[in-house]
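Open the model in your viewer and keep the selection tool at hand. This tour moves from one selection to the next.

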Amino acid sequence: PDTYRLRSPPGAAVAVAVTGSSGVAAAAGLYRYLRDFCGCHISWSGEQLRLPEPLPRLRDEIRVSAAGRYRYYQNACTQSYSYAWWDWARWEREIDWMALSGINLAPAFAGQEATWQRVYRSLGLNQSEIDAYFTGPAFLAWNRMGNLRGWAGPLPPAWHLKQLYLQYRIVERMRSLGMITVLPAFAGHVPRGVLRVFPRVNATRLGGWSHFDCTYSCTYLLDPEDPMFQVIGTLFLKELIKDFGTDHIYSADTFNEMTPLSSDPAYLSRVSNAVFRSMTGADPEALWLMQGWLFQHQPDFWQPAQVRALLHGVPLGRMIVLDLFAESKPVYQWTESFYGQPFIWCMLHNFGGNHGLFGTVEAINHGPFAARRFPNSTVVGTGLVPEGIEQNDMVYELMNELGWTQEPLDLPSWVTRYAERRYGAPNAAAASAWRLLLRSVYNCTGVCVNHNRSPLVRRPSLRMDTELWYNVSDVYEAWRLLLSAGAELGASPTFRYDLVDVTRQAAQQLVSEYYLSIRRAFQSHALPELLTAGGVLVYDLLPELDSLLSSHSLFLLGRWLESARAVATSDREAEQYELNARNQVTLWGPSGNILDYANKQLGGLVLDYYGVRWSLFVSALVESLNSGSPFHQDQFNQAVFQVERGFVYNKKRYPAVPAGDTLEISRKLFLKYYP
C-alpha cells in the first residue's frame with residue numbers, strides 16, 4: 001500500500017518535508033499536514049486555507065500507510081449527473097481534490113464516443129445509424145451501460161472534439177499525480193446498424209430498462225461466441241490505447257440493471273470470458289474493473305451459482321469488483337468474498353445527485369475494517385462511488401480519511417474538529433450543531449437507501465411518504481445553533497453554504513408537515529384549514545425556500561443550465577444541451593419515465609417546477625371539496641404532466657449569479673417557521 005512521511009528537517013528554512021511512495025501519497029500527506037496541523041479544509045463547496053504564521057513544525061516524524069492497495073472514486077452515473085457539462089478548469093480542480101484526498105484509482109471516461117464513432121464508421125455503419133444510437137450528453141452514462149439509446153441525442157461533432165480535448169488533459173493530469181486511470185472497454189452492446197452491415201451476426205435484443213420501452217431502450221447484445229465480439233471489442237480498445245496510452249485497468253458493465261438472456265451459469269461465464277478476452281486481445285496485461293451493483297439490484301436472478309459463473313469466467317486476480325453499496329447492502333458477505341476475485345469496499349451514499357442531508361457514518365466507520373476481517377477476505381481497498389457529487393461534504397471527507405486509518409475513528413470528536421477546520425475558527429454553537437447532525441441525519445442505520453423522497457421534490461398525491469430515519473427536532477435545533485454562530489462565522493463561505501443546506505433541510509421537513517396538514521384537512525372536509533395550510537405552503541414557504549437557495553451560487557438552477565449552454569458551439573446546440581439538463585433533473589425521459597429520480601433543490605426549480613405542482617395539487621383538492629366530486633389521482637397526473645413538461649420547454653433563462661443575503665433569509669425563515 002501507499003505510504004507518506006512528514007517531518008520537520010533541522011534548520012528554519014523548511015517547516016515540513018512531505019514525501020510519499022507516489023504523487024498521490026505525497027498529496028495525501030500534504031493534506032494531512034494542512035488539515036491536522038494548519039486547521040485547513042478543502043471540499044466541493046469551498047475551502048478554508050488560512051495558514052498559520054509561521055507554519056507549524058512537527059515534533060516527531062509521522063509515517064502513515066494506506067489501509068489498502070486502492071482508494072477508488074467515481075460511479076458510472078456521476079459522469080452524467082455531475083460531470084456532464086464540466087470544462088477543464090472544473091476537471092482540474094476535481095483531480096487536484098482527488099490527489100489531496102489520496103485517491104489513486106479512477107475512471108477516465110470522457111470522449112469515448114468519439115473513438116466509438118471512428119470504430120463504427122470503420123465497420124461500415126453510416127452516420128445516421130450512429131446518431132440514432134448515442135444519447136444526448138446528460139444521458140451518456142446509461143448509453144455506455146446498454147440501458148438507453150437515442151434519447152435526447154444525437155451528439156454534435158463539436159461535442160466529440162471538446163470531450164476528446166478534455167480526455168487528453170484528464171488522463172495526463174491524473175497520471176502526472178500518480179493515479180491509475182481506468183479506461184472504458186467493450187461490454188457487448190452494439191447499435192442496430194451492426195446487424196445491417198453484418199446480417200449473419202448473432203445478436204439478441206435485451207428487454208426495456210427501468211420504465212423505458214423499446215423506443216429508447218432494448219439494446220442489442222452480441223452473443224459471446226460470435227467472432228464479431230472479439231473484433232469490435234479489441235478494435236475499440238486498440239484505438240483507445242493508441243490515443244491515450246494505458247494503465248491496464250478497464251471498465252465494462254454488461255448487465256447493469258439488465259436481465260441476462262439466460263440464467264445458465266455456462267452462458268454467464270461465456271459472456272464474462274468474452275468481455276475479458278476482448279480486453280486481453282488489445283492488452284495482454286488487462287485487469288477488468290466491474291461494478292458489483294447488479295448482484296444486489298437483482299438478487300432473485302443473481303443467485304450464488306450465477307454470481308460465481310460470471311466472476312469465474314475471468315481468471316482469479318484479473319478482475320476487481322466494486323462492492324458498490326457496501327455500506328448498506330454488502331455483496332461480499334454472501335458471495336464468499338466474491339468467490340476469490342479481489343473487491344473494493346465502496347460507499348455509494350448518494351443517488352441521482354439529490355440534495356438532502358444524509359449519511360451512514362457508523363456503517364462507513366466500521367464496514368471497511370469488518371471487510372478486512374472477513375474469512376478469506378479479498379478486499380483490496382475502499383471507494384467513494386456516489387451517483388452525484390457536490391453534497392454532504394462531511395461524509396466524503398470522513399470516507400477519504402478512513403482510507404488511511406487502521407481502525408475506526410471517534411466520530412463526535414472528529415466532527416467537532418471538522419467544524420473548526422471547515423469554518424476556520426472554533427465555535428461552540430457550530431460544533432454542537434454538527435454533533436446533532438452527526439447523531440441524526442448522518443447516522444442512518446440498517447438498510448438505508450438515500451433517495452430523497454420528501455414530498456417537496458415528488459409529484460404530489462394523497463399517499464406520499466413522510467417517514468424519516470432521524471428525529472426532526474435535531475435538525476431544527478442544529479439550524480438554531482448555526483444561525484446563532486452567524487455573527488462570528490458569517491464571513492466564511494463554507495459556513496454560508498452549510499447554513500443554506502441546513503435551512504434547506506429544515507424547510508424540507510416543514511413541507512412534509514404542511515403536506516400532512518393539507519391531507520388531514522382534505523380528508524376531514526375542512527375547507528378553511530385546507531386553504532390556510534395550502535396557502536402558507538404555496539405562497540410563502542416555497543417562495544422563501546426558493547429565495548434562500550437563490551442566495552448561494554451552488555444552489556442555483558441557472559448554474560446547471562448555463563454550464564450546459566456554455567459547452568455549445570451554436571444556438572441549436574445550446575438549446576439541445578439545455579433541454580438535456582432540464583429533462584435530467586425533472587422528467588428523466590420523454591414521459592416522466594424516471595420522474596424526479598435526479599431531483600435537486602435549486603433556486604428557480606423550487607418556484608417554477610415544484611411550487612407550480614403544489615399549487616395545482618392544492619387547487620385540485622379545493623375544487624374537489626367545493627364541488628363535492630372525488631379527487632382523481634390519474635386525472636391530476638395527466639394535468640400535472642403538462643406542467644412538468646412545460647417547465648422543460650419554457651425557455652426561461654435563470655440567473656447564474658446569486659442574489660440576497662443568506663444569513664438574512666435564513667433568519668427570516670427561522671423567525672417565521674422555527675417550531
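Select residues 2-56. Over this stretch the chain is 25% helix and 27% strand. Its end C-alpha atoms lie 25 Å apart. Keep in mind that this is a predicted model. An unreviewed UniProt entry places a feature on residues 2-56, "domain: Alpha-N-acetylglucosaminidase N-terminal".

Next, the disulfides. How many does a search of the whole structure find? The search finds two. Select C214 and C218, which form a disulfide. Their sulfur atoms are 2.0 Å apart. Now look along the S-S bond. The angle about that bond is -75 degrees, and the link of C214 and C218 is left-handed.

Now go to a pair of helices. Two packed helices are described by the angle between their axes and the distance between the axes. Select residues 361-373 for helix α14, then residues 393-402 for helix α15. The two axes come within 10 Å and cross at roughly 15 degrees. Angles under 35 degrees count as roughly parallel, so α14 and α15 are roughly parallel to each other. Which hand does the crossing have as α14 passes α15? The crossing is right-handed.

Show the side chains where these helices touch. On the α14 side, pick V361, I364, N365, P368 and F369. On the α15 side, they meet M394, V395, L398, M399 and L402. Color this contact by class: nine residues are nonpolar, one is polar and none is charged.

Notes: Residues are numbered from 1 along each chain as its sequence is written. This is a predicted model: local features need pLDDT of at least 70, side-chain atom pairs count only at pLDDT 80 or more; totals for chains, interfaces and linings use all residues. Side-chain values use heavy atoms; hydrogens and water are left out. Axes are lines fitted to C-alpha atoms, for helices over the stretch in contact, and angles run from 0 to 180 degrees between N-to-C directions. Helices (H or I, at least four residues) and strands (E, at least two) are DSSP runs, numbered from the N terminus. Angles under 35 degrees count as roughly parallel, over 145 as roughly antiparallel, 65 to 115 as roughly perpendicular and the rest as oblique. A crossing is left-handed if the near helix is turned anticlockwise from the far one by less than a right angle, and right-handed if clockwise. Contact means heavy atoms within 4.5 Å. Ala, Val, Leu, Ile, Met, Phe, Trp, Tyr, Cys and Pro count as nonpolar, Asp, Glu, Lys and Arg as charged, and the others, Gly among them, as polar. UniProt positions are given in the numbering used here, feature names are shortened, and annotations may be inferred rather than shown by experiment. A disulfide is a pair of cysteine sulfur atoms within 2.5 Å.
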